[in-house]
Amino acid sequence: MSASLNPTALARLLGPWNTGASPAYRELADVVRLLILDGRIPLDVALPSERALAETLGMSRTTVTAAYSGLREQGFLSGGQGSRGRTGIPHRTIPVSAPGIALPDGILDLAYASLPATGEVVHRAFADALSDLPALLPGFGYDAVGIPALREAIADRYTEAGVATTAEQILVTSGAQHALNIVLRTLAGRQQKVLVDHPTYPNALDAIRASGSRILPVPLPPVGTGPAGTGPEGKGAAAGNAGWDIDAMVATLQQQRPAMAYLVPDFHNPTGRLMSDLQRRRLVRAAAASGTVLVVDETLRALNLDGGSTSPLAAFSPAVVSIGSLSKSHWAGLRTGWIRADGEMLSRFIATRTTMDLGGPVVEQLAAARLVQSFEEPLGARLSMLRGNRAALLELLAEHLPDWQPERPSGGLTVWCRLPTPSSTALTVIAPDFGIRLAAGPRFGAGGAFEQYLRVPFTLPPAQLETAVRALSAAQARLDASPQLRRTLKEPQIAAIA
């Protein structure tokens with residue numbers, strides 16, 4: 001028999017939902033939606049009929065009908081009006097931070113951090129790639145390691161940064177996520193432990209879980225442990241130099257001995273922090289002593305907004321595995337990334353890669369080679385634009401959301417904000433009603449952590465950032481007026497299923 005929820009059980013789960021802060025039908029729909037997302041109303045469960053729930057709640061059937069109708073339009077309830085709709089999750093919300101999912105007109109997307117292409121530069125690179133293509137056409141077109149021109153260009157970049165590298169140490173991949181999947185399949189899985197800084201990049205967490213590995217989170221020091229920012233763009237924000245808790249990482253490496261560690265030391269996603277050379281040196285030594293392979297994600301390293309100077313982590317040990325990409329510096333549409341590793345380790349990655357695919361598209365690699373060879377060309381204008389966006393976002397947050405505590409990033413694309421209450425999921429759920437889409441804080445952690453945090457990108461121009469922050473402020477105001485929506489969603493309530 002299919003599961004169903006009786007009206008008394010649903011009323012108990014709803015609690016004191018009708019606060020009067022919004023129309024009753026909207027408040028009812030919001031709370032039911034949160035209960036579904038939180039798992040306290042299971043999926044594929046029939047909700048009470050409109051008439052039965054209206055009688056139990058002591059309100060008009062019209063209110064319940066309107067609430068159910070809204071839930072159906074959003075994909076949280078199946079079936080037509082008058083039937084007992086079954087609970088579900090709309091496809092577009094899983095995962096909420098995934099790019100490329102179509103949004104309704106007028107919705108500003110703050111769920112992921114990415115920039116448009118460096119237009120003329122990328123266009124010219126593809127035009128040049130077409131002129132380079134005839135020389136490769138006599139070949140088969142399969143190349144599991146990447147075309148020589150691109151591997152050489154990437155190797156030269158590392159050498160210029162102080163890490164002597166040859167093309168034989170580079171494996172070209174279809175983006176950084178593809179690179180991480182290759183590394184995980186080679187080094188981890190089968191319930192092996194993978195250390196991560198916490199919070200971290202949500203798609204990396206997804207990849208680690210999918211590999212069968214166990215996530216071993218080591219928390220970063222919280223916002224506000226560093227000195228306050230200065231100047232107009234530091235107003236109201238903690239400086240992004242609190243760093244990493246290296247003592248805790250060293251202790252975890254010594255005690256747990258994970259198979260690998262995945263870290264984002266260069267303008268960390270989501271906090272924007274930059275790991276110091278001293279911290280890097282200690283970390284490398286500890287990883288070597290514990291037998292842990294240190295894997296570093298450098299996709300944001302080029303987005304250095306404050307001029308901080310550090311060495312690539314591979315400069316401290318040849319055993320470090322580096323992952324890079326053009327997705328943040330130039331354009332995600334290039335789908336070009338790489339792995340840098342030494343000798344035998346790279347051979348293992350190549351062997352794994354051939355079980356997944358036989359190589360990347362050639363034209364894109366030719367274009368990427370041109371872009372890497374002239375890597376700095378578009379960065380001046382891009383970094384200047386991002387500094388302006390960052391300043392605008394921090395000023396807007398200080399003006400419209402003074403109770404929030406944003407951490408001023410030293411680079412990257414995002415601001416990590418501590419909220420006044422653990423309401424990130426609730427804010428994310430109601431955000432589309434105000435014209436924005438968000439990624440809730442728990443997406444960036446393991447075990448439901450970071451309910452009191454929200455990542456806000458500064459990839460939009462200042463005018464759109466103002467619209468987005470005003471929308472955030474309005475959504476926050478609704479939460480402040482609605483205790484039922486503001487709750488942490490972790491109360492131990494059990495739904496009665498018949």
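**Salt bridges and surface**

Arg470 counts as partly exposed because its relative accessibility is 46% (buried means under 20% relative accessible area, exposed over 50%, partly exposed in between, with a 1.4 Å probe and protein chains only). This is a predicted model, in which local features need pLDDT of at least 70 and side-chain atom pairs count only at pLDDT 80 or more, while totals for chains, interfaces and linings use all residues. Residues are numbered from 1 along each chain as its sequence is written, and side-chain values use heavy atoms, with hydrogens and water left out.

**Salt bridges**

- The whole structure holds 23 salt bridges (a side-chain nitrogen of Lys or Arg within 4 Å of a carboxyl oxygen of Asp or Glu).
- Arg470 forms one with Glu466, at 3.2 Å from N to O.
- Both residues lie in helix H15, four residues apart, about one turn of the helix (helices are DSSP runs of H or I with at least four residues, strands are runs of E with at least two, and both are numbered from the N terminus).
- Glu466 is partly exposed, at 32% relative accessibility.
- Salt bridges that share partners join Asp30, Arg33, Asp433 and Arg478 into one network.

**Negative surface patch**

- A patch of negative charge on the surface is made up of Glu152, Asp156, Glu160 and Glu168.
- Patches take residues with over 30% relative accessible area and no salt bridge, joining like charges within 9 Å and nonpolar side chains (Val, Leu, Ile, Met, Phe, Trp, Tyr) within 5 Å.
- Asp and Glu count as negative and Lys and Arg as positive, with His and the chain ends not counted; the place of a charge is NZ of Lys, CZ of Arg, CG of Asp or CD of Glu.
- Accessible areas come from the Shrake-Rupley method with a 1.4 Å probe, and for residues only the protein chains shown count as cover.
- Glu168 sits in the loop between helix H6 (148-160) and strand S2 (170-173).
- Glu168 is exposed, at 58% relative accessibility.

**Strand S2**

- Strand S2 runs antiparallel to strand S9 (residues 337-340), and four bridges join them (two strands pair if DSSP finds at least two bridges between them).
- Thr173 has Gly337 as its bridge partner in S9.
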